[in-house]
Amino acid sequence: MVKAILRHPRAQWLLGHAAALYLRLVRATSTITIDPPDAYERVGPELPVIIAMWHGEHFMVPFAKRAQDRVRVLISLHRDGEINAVAAEAFGVPAIRGSGSHGLQSTDKRGAAAFLEMMRSLGDGWTVASTADVPKVSRVAGMGIVKLALKSGRAIYPVAVVSSRRMVMERSWDKSKVPLPFGRIVMCLGQVIRVAPNADDAALQAARSAVQASLNAATERAYALADRKESPQ
């Protein structure tokens, strides 16, 4: 019965807006630190870009978007994805539905369609955000985001947005970290990754590894700052 309710469009709409309202409460009651302080100045000249994030660490990423930024986000077609899509729309971030884990070589027509929609969005000046994980494998970057950079010519910027107050969903495959109110939020920008248009398989694998390493480093630094184990740059 619960699954049937969650599949209902009205229930998904209500849950999505409730999630957005809750995250706005978290944002309103938390302090914000941006690391490095000139993160927006670094990214600005390269817009639009591809934003990489880890699944389960993505809840507060919409708050990295400024009013003038045009951003779309890739969200799965799973019923939980529908709730996430509603929440993203509430933050002014239109969703692209599908899987971007394999790119144009995917045998999944919906995944290939999503990849092409991301390409079109980047071509129209939209920054595209996507989780980098291989589906159901936490913190292992897939090739989809690298192939998107290869085909579009846009840079990949890993981003981590975390809170000092959080609840860990231990039973979820990605150990989702749900932010709580009255904490310290840290937005951390990772090392940029660029993929040459003539990159061969070895170069693509190197870029995939670089995305994974940079995103892990940004996430670890964000938590260290949020938990006051390190000082801002």
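Colleague: Within what distance do the axes of helix α6 and helix α7 come, and at what angle do they cross?
Modeller: In this predicted model, helix α6 covers residues 144-152 and helix α7 covers residues 201-226. Their axes come within 9 Å and cross at roughly 120°.

Colleague: How are α6 and α7 oriented to each other, and what is the hand of their crossing?
Modeller: The axes cross at roughly 120°. Angles of 65 to 115 degrees count as roughly perpendicular and those over 145 as roughly antiparallel, so this pair falls into the remaining class. The two helices are therefore oblique to each other, and their crossing is right-handed.

Colleague: Which residues make the contact of α6 with α7, and how many of each class are there?
Modeller: From α6, the contact draws on Ile145, Val146 and Leu150. From α7, Leu204, Ala207, Arg208 and Val211 take part. Arg counts as charged. By class, the contact has six nonpolar, no polar and one charged residues.

Colleague: How many aromatic pairs does the structure hold, and which residues form the pair?
Modeller: The structure holds one aromatic pair.

Colleague: Where in the chain do Phe63 and Phe91 lie, and how many residues apart are they?
Modeller: Phe63 is in the loop between β2 (50-53) and β3 (71-75). Phe91 is in the loop between α4 (79-90) and β4 (95-97). The pair thus links distant parts of the chain, 28 residues apart.

Colleague: Are Phe63 and Phe91 buried or exposed?
Modeller: A residue counts as buried under 20% relative accessible area. Phe63 has 17% and Phe91 has 12%. Phe63 is therefore buried, and Phe91 is likewise buried.

Colleague: Where is Ser30, and which residues is it in contact with, leaving aside its neighbours within four places in sequence?
Modeller: Ser30 lies in the loop between α2 (9-28) and β1 (31-35). With a relative accessible area of 10%, Ser30 is buried. Leaving aside neighbours within four places in sequence, Ser30 is in contact with Leu180, Pro181, Phe182, Gly183 and Ile185.

Colleague: Which residues is Thr219 in contact with, leaving aside its neighbours within four places in sequence?
Modeller: Thr219 belongs to helix α7. Its relative accessible area is 2%, so Thr219 is buried. Beyond its neighbours within four places in sequence, Thr219 is in contact with Trp54, Glu57, Arg139 and Ala160.

Note on methods:
Residues are numbered from 1 along each chain as its sequence is written. This is a predicted model: local features need pLDDT of at least 70, side-chain atom pairs count only at pLDDT 80 or more; totals for chains, interfaces and linings use all residues. Side-chain values use heavy atoms; hydrogens and water are left out. Rings of Phe, Tyr and Trp (its six-membered ring) pair if their centres lie within 6.5 Å; planes under 30 degrees apart count as stacked, over 60 as edge-to-face and the rest as tilted. Buried means under 20% relative accessible area, exposed over 50%, partly exposed in between (1.4 Å probe, protein chains only). Axes are lines fitted to C-alpha atoms, for helices over the stretch in contact, and angles run from 0 to 180 degrees between N-to-C directions. Angles under 35 degrees count as roughly parallel, over 145 as roughly antiparallel, 65 to 115 as roughly perpendicular and the rest as oblique. A crossing is left-handed if the near helix is turned anticlockwise from the far one by less than a right angle, and right-handed if clockwise. Contact means heavy atoms within 4.5 Å.
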